[in-house]
Amino acid sequence: MAKEYVKYVDVTKCDGCRACMVACKNWNDLPAEPTEFLGSVQSHAKTTADTWNVLQYIEHENGKGDLDYLFRHSSCFHCSDAACEKVCPENAISYTKYGTVVIDQDKCVGCGYCVQNCPFEVISLKTYKDKNGKEYRKSHKCTMCTDRIEEGLQPACVTTCHTGAMEFGDKDAMIQKAEQRVKEIKDRYPNAMVYNPQGVGGTHTVYVLAEKPSVYGLPENPKVPTSAVLWKDYAQPIGKAMIGATTMAVVGAFVANKFFSKKAGNDAEDGGGSHE
Amino acid sequence: MVEMNLNRRQFLKLSGATAATLAVVELGFNDKKAYAKSKEFKIAKATVTPTICCYCGVGCGILVHTKDNTVVYTEGDPDNPINEGKLCSKGTTLRQLYTSEKRLTKPLYRAPGSNKWEEKDWEWMLDTIAKRTKETRDRSFVEVENGVTVNKTERIASLGGAALDNEETYLLAKLMRGLGVTYLEHQARI
Amino acid sequence: MTNHWNDLQHTDCALIIGANPAENHPISFRWLTKAKENGGKIVSVDPRYTRTSAQADVYAALRSGTDIPFIGGMINYALENNLIHKEYVAAYTNGSFIVKEGYDFNDGLFSGYDETKRAYDKTKWAIETTEDGKPVKDETLAHPRSVFQLMKKHYSRYDVNTVTAVTGTAKEDYLKVCKTFCETGKVGKAGTIMYAMGTTQHTVGSQNVRIYAILQLLLGNIGLPGGGINAMRGESNVQGSTDFGLLFDNLTGYLGAPKATVPEHATLKGYLEKETPKTGYWSNKPKFVVSLLKAWYGANATAENEFGYQFLPKGNKNYSHINLFNAMYKGELDGTFLFGTNPVVGGPNAGKEKEALGNLKWMVAVDLWETETSSFWQKEAGSDPAKINTEVFLLPASASFEKEGSVSNSSRWMQYRWKAIDSRGEARPDLDIIHELALKLKKLYANSPKSADKPFLALDWNYGTGEEPDIDLVAKEINGYDLKTGNLIASFGALLDDGTTSSGNWIYSGFYPEEGKNKSKNRDNKDTGGEHYLNWSYAWPMNRRILYNRAAADPSGKPWSQEKAVIWWDGAEKKWVGNDVPDFKAVTAPTEPGGTGAFMMNKDGVALLFAPTLNDGPFPEHYEPFESPVPNAFSNTQLNPAAVVIEGDFNKKGDKKNFPIVATTYRVSEHWQSGSMTRNQEWLSELAGHMFVEMSEELAKEKGIKNKDKIIVSSARGEITAYAMVTKRFKPYSVSGKKVHQIGMPWHFGYKGFATGDTANRLTPHIGDANTTIPEFKAFLCNVRRAD
Amino acid sequence: MSNYQKHPKANVKVRRFPKAFVWAHAINGLAFFALYITALPMYTDFFNWLYPVLGGPAMARLLHRIFAVVFIMPTFILLIFSPKFFFQWMKELITWKKRDLQFFSEFVKELFGFKFKHIKQTFFNAGEKINSVIQIFCAILVIASGFTMWFPEFFPRALVQWGYFLHNVGFGLGIAVIVGHVYLSVVHKHSRPGYSGVVNGKVPAWWAKGHYGDWYDEEVKKGNFPDLDDPKRKKGA
């Protein structure tokens, strides 16, 4: 078992330069995706299939009535208990030994179940055209540059981050660092917290947030949707079992019929007695 | 600060005018290709050349990865002490300076009154520019003004150059002053 | 920059004013973040709350164009509260000098003003000297005519109430800034001031910088690690291109261009006598000038012909950007070369600059892209092509990594760029283009007997015979040779004025001291102490990383403090030692004459609190911008009295009645300058794809504007359409009790490229600073309304 | 041995279903099967080989959606062309009596080939009714949740998420019942004779009489079907 790694994001050190956004596009060869004017400096409302991380810009009036201009590098959290992995019908989504959650593009069928079940809404579908002009879809999100990690490199976004707002390293060390950092900034940001939600088993992108998660549009207590648990852990196995059971029943019925018909020598087509 | 065996492979070779570097920030592990990918690692077999960012005056080091006659990746040069491998959004995008479909690839000429560009070859362009320069210079050259030798032309201007290399700015300044140009300006003024 | 990027980590307080480094020099924040981790504070002073402000410990708003009151008030605060480093001031500045009787200051005007010429007679601001030319001093700083006392008196008018009433800053914010930054006056502390175009692009731009310098000198912050005044340059080689004299008034290395209007300049001898100070390092100027002439005219520069001095053009006026376009507008120019520049987007009053281009007979544009400037004649640019007779030559240039050469960053570090790939398509390096053009012209002029052609024929041009010049020959020519031996010169200390040495740019001399040792290629990144990385690249002059570092030691040669030590006098070794190259004569002991002259480039070796050299006064004084919504609260002199105003159609002026809103322009992190480089790239275009105008919620409400609405911004020069970005980060100012609104907008946009939008500079005025003529982009008047 | 089978008119075909039902049922069945096939490779990896057969996941999805529309159509066919039948069917589904319960115990015997008795049934026997109820319930689940899955942008996220679950439940339950239903109709010897009912609407009189005594007798009274009862027995009854 290799070490698990965590991308540590200290939003209080981010200066909003967005190098992480282009580094991601550059490494992953993602096309640009022009958007409408959103009324702020922010370029994209949220992550998309071609934009795996988005820098959020939030003008927030804090408890003291002062203006905080908050930034957040938003991308896949790489949950330890990932809803996307759970709901993927093709087992295209898997955990790597580093703790990252990746989508196998060869297996992905573009069903979008992961898109709808991600508690952070960071997965998106992209429509492609094959050489015959036929459309097909694939699901995309941040890979944490698992290909780079395999080669001993850090994710592209972390590599380029100049303020130290992002670091990449051993999971426990990064979580510790986050907790330490929160203590340091409590004076400046009384609501500061480590965001490593346990509802999804903890994440491999761990944030030091300056404010409550809701200020960043993040769920306070994200978890794998109950529907997904019921579906994948109960409905689907039970459903499969039921298909099996009924199939077994009819097979049993078929065999029994053959068996009893012979034994009873009942050659009538309708074995029913009259109904007195 | 959590140290993660930031072993840098130091800058390797500097031979003549070209240099190659393999500067990567390594993690403390190297499980090669645990998850085998059919895709080749993007910068494997790429040539790496250090450069300095062409945007602001910070002067960050950038590594340009080239392969198959194109730029496949650009990233911060970890050896450069100014930026230690870090970049802003502009520096990170350096790659598209090469790959952008909007790059000019041919000399273009616009005739007086014309509403379109015409492609011309370099030779014709430079010959014609030299001719125009000479015509204007010859017509407007002032040798003496109020008894003082001034050797100037005030009908030619040269603007720009803040993005040129030092050697280029030097030659440009030398050529323009050599021709007698007084309207010599660049972006330091704006 | 007096210091360098890595050095920012040593600062105890960074006062960022007139700059937004988090957005425009992002990597500087790597070092500022380090400074913060070391306990340093960041102060952001800006009309709007920026990404830099978000990272600052203290933020204070100021109305555009009020830097002098803001800093003047800090000077007053430091003096009143005795927070200055008095020993430093007494030893290293001209604070102790006695000013002659002729100096006076009255209602915004210094003595010697000639209203008709809009100029001062600077001799009225002279320093009292002894018979042998030495300045008369009072080291107690108590003499009523001492610079120190005059300064104190001058800035006593800049009390907190007056200042904040002018700048519109909340008083408690202002005092917080004063307190935080003036802490660095303590020995052992160092503060830096970081600025950029928000400081310089004003009619008082030079004086804005000057007042920063005065504050820093009073606090004893110059020459120290983590100190200095640091101009953050916006272009990769705007430092180098300035060093190399791509400005009308500078030959290379800040040697002034000879002028037809100065009688003494008629001869080399006269020029040298007039321009060479008696003391200070500039007393060596003749060596640099003659060596430059030798580099340019080679064998054609001889003692007999004044080393070719007469070949140099002599102008008779100010040829700077604004005047250049004014001349073009009036049809006084026939041809123009444009090297990677886009004035139709980046120039002031850009609509007029575009019109001016149509008066050219020919234009050569060398660029990576088809810019708004090279295609100014197109219909999309609002032109009628049939009516424009300008012949346009657009030459495709190589990108920075498609060629090799060096660039000098803000820290004056000259770093080499290697070639990574062959140029795209038929693009060629600018060096090749300039070289081949020179060769073609040489051919056209060859054997001409005309005397007018002699200066050009005399120009030495030997960089190989092929179309591609040998860049190494260029580099060596810049460094210079000992012409007697043919060897490269070791440093500018070896340059001579007898024609036996050459150097294309004396300040760079020493970067290539021997064959095969181009130090701009140095890549040893080991920290040599103090994070100066002396073996990484080459910093001019002489590889010094902190300018004026002699001032980091006290007059006796001991560091003021161990925390901020750079160089010190080693009595045993009898030389200056430390972790940086001394910005001083290495063997001059503190006790020797000149041994305490920490500012050795200056006359008398001191820094100038009182600068009788500037066009608009020896002390920075507040004047309102060319277009201002309020009267000057400090005097009845509204506009900088020495600023040159172009009257008429070329520079229309807006009044506060029709245009009551203050506007400023700026850049965003994702685009660069006129945007031609970045708007032609998709990834950057998607990050910042729209032209917007930032405004306060209060102004938006007054004007019935909602966020994301299309709005029209108008000024006396023109109007543009853009999206409204209604933000809490802009707030109205209370200026002398009156509500003043300010808006801001990026100036990156044009109609070419992936990200397009209206050009902010259609609104900006054609008025310049009194010393540099840099246009006042940063404060002008406008109005806004909804587009529908 | 059935008594009715011995009747001279035992093999007369009687109309059990209107044509509209035959079509509706066929379309419904085919669509269900197509939906099943097109979803199967996604439902279980075991059938991933179906993707290339179907022309790839995108094509499979497209087909699934086409058949989803087809799957909904029969309701409307019935409503338009045979509303009477439709409402009769609905009415039967909500009418439950003692005999319906008795039916089940006998049905299990019949299913496995034991000796069993026919409990007199109306047009639909209790088994069919339960089949119908479950299928309708499942169809509603599957169709409704299918909509949320197809057009997630128009529904709250939570609804879409529950949609996946409900689609699965609906399908699981439905398929289980369908397996039995199909088995009985095409394989099981006792119910197989009724298969022609969904092909051309007609079934052997004897079989109808045996399985749906009450209904058959009604139709006899109306004069639509031949009377298969032994007159003696009838009188004596």
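Cys142(A) is in contact with Trp52(A), Asn53(A), Ser75(A) and Cys76(A), leaving aside its neighbours within four places in sequence. Contact here means that the C-beta atoms of two residues, placed from the backbone, lie within 7 Å. This is a predicted model: local features need pLDDT of at least 70, side-chain atom pairs count only at pLDDT 80 or more, and totals for chains, interfaces and linings use all residues. Residues are numbered from 1 along each chain as its sequence is written, while chains are lettered from A and ligands numbered from 1 in the order in which they are written.

Cys142(A) sits in the loop between β7 (135-140) and α4 (146-150) of chain A. Helices (H or I, at least four residues) and strands (E, at least two) are DSSP runs, numbered from the N terminus. Cys142(A) counts as buried because it has 27 C-beta neighbours inside 10 Å. The cut-off for buried is 20 or more other C-beta atoms within 10 Å of a residue's own, with C-beta atoms placed from the backbone.

UniProt lists Cys142(A) under "binding site" in an unreviewed entry, together with Cys24(A), Cys145(A) and Cys157(A). They spread over 134 residues of sequence yet cluster in space, with a largest C-alpha distance of 10.4 Å. Such annotations may be inferred rather than shown by experiment.

Cys157(A) belongs to helix α5 (residues 156-160) of chain A. Its 26 C-beta neighbours inside 10 Å are why Cys157(A) counts as buried. Beyond neighbours within four places in sequence, Cys157(A) is in contact with Cys20(A), Ala23(A), Cys24(A), Asn53(A), His73(A) and Met166(A).

Now the domains. Chain A is assigned domain 1 (5-223) and domain 2 (225-266). These bounds come from an automatic or database domain assignment. The centres of the two domains, taken over C-alpha atoms, are 44 Å apart.

Definitions and conventions: A residue is buried if 20 or more other C-beta atoms lie within 10 Å of its own, exposed if 12 or fewer, and partly exposed in between; C-beta atoms are placed from the backbone.
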